[in-house]
Amino acid sequence: MPSPKVIALCQSPETLTAALAANPTKEIGQLAKQLYVKTGALKKLSNSVSSKPIEKDPEPTPEDLDAAEQCGRFPYRPSDLFLKVRAIFHDCLKCLERDPFVGCCSPALLGSSGVIPVSVISIIPDIMRHYANVIRSAENEVFIATNFLQKSRSLKLVTDALRDLSKRVGENGGKKIVVKFMYDRGTPEQLVRNHAPVKPEDWYKVDLPSPKDIPNIDMEVINYHRPLLGTFHCKFAVVDRRVALISSNNIQDRANIEMMMHYEGPIVEGFYDMALWCWGNAMKPVLPLVKEKPTHSGEFKFGPDNPYLKGMRVGNPHAAELNLSNRY
């Protein structure tokens, strides 16, 4: 059964997102420590390298499953199979005893719900085409993260989308879109500062557009690596706090078949919280929707009715198949 400590963490109104909303100029890494690191450095180190396995409970009782349900924000009770099967939810909660942020988001957002209007299993440019379409639709903010960033057709899809987004905002007289971009490329600077800000004059080195190319976008870039072996391996995007794209591929051209999942609904709040944790630094400027109360109506659209899926042949055995020969 989850301990009272874990239940309290999961039911707490405190999240990293809420902490940043209350303190928008502060360093996010420090906010996370204030929220969840209640032990000294030596104790934290001991927990992280401990070889003592987390004890497994016997077969969960109905009372155990009731307690596990209380640790999530579910619209209805999940199946007992979800709640009790090893390494799904009940047992995952035990990991919070050692590190409340082990789930890469605030404990209160660890158990949630949502929908997947589309998934793409294809080559990387197909996946990045969907990223680009969702980026173009942004109204307030975009957060993009990848491990390896390489000059490629895949990256051009993303940068062209940013240029198109800036152009659209300028033509409509709208407010600037705030964009955060993260990647991992080891530099000596990261021996001192893992989250190394990348100056605009250096964006060209990774083929990102300069500020003059995207005048209606306020973009900030971080190169994150933890020497010697601390690779930042996330690949995702969160747009307008409404859509999360989680993929297996880097932004590069490789002859691989990769996978991408498109999420909508309350589950996006967990990915948004994770994005803030990944960023670590103070945001300049802060993402504009951090202070907004999330709204998820529960009314979801699928297939051609979903505005993010325009241009995709959804609803047939080749749902994400696009004509590459007409693309470049």
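Q: What do buried, exposed and partly exposed stand for here?
A: Buried is under 20% relative accessible area, exposed is over 50%, and partly exposed lies in between (1.4 Å probe, protein chains only). The model is predicted, so local features need pLDDT of at least 70 and side-chain atom pairs count only at pLDDT 80 or more, while totals for chains, interfaces and linings use all residues. Residues are numbered from 1 along each chain as its sequence is written, and side-chain values use heavy atoms, with hydrogens and water left out.

Q: Why is Cys104 called partly exposed?
A: Its relative accessibility is 28%, which lies between the limits of 20% and 50%, so Cys104 counts as partly exposed. Cys104 is in the loop between helix H7 (90-94) and E1; helices (H or I, at least four residues) and strands (E, at least two) are DSSP runs, numbered from the N terminus.

Q: Why does Asp240 count as buried?
A: Asp240 has a relative accessible area of 3%, which is under 20%, so Asp240 is buried. Asp240 is in the loop between E6 and E7 and has a positive phi of about 55 degrees although it is not a glycine.

Q: Is Asn140 buried or exposed, and why?
A: Its relative accessibility is 13%; that is under 20%, so Asn140 is buried. Asn140 lies in the loop between H8 and E2. Not counting residues up to four places away in sequence, Asn140 touches residues including Lys176, Asp240 and Pro288 (contact means heavy atoms within 4.5 Å).

Q: What makes the pair of Asn140 and Lys175 a polar contact?
A: A polar contact is a pair of N or O atoms within 3.5 Å; within protein, one must be able to donate a hydrogen and the other to accept it, and residues adjacent in sequence count only if both atoms are side-chain atoms. The side chains of Asn140 and Lys175 make such a contact at 3.0 Å, which is within 3.5 Å.

Q: Why is Ile257 called exposed?
A: Ile257 has a relative accessible area of 61%, which is over 50%, so Ile257 is exposed. Ile257 is in the loop between E7 and strand E8 (258-264).
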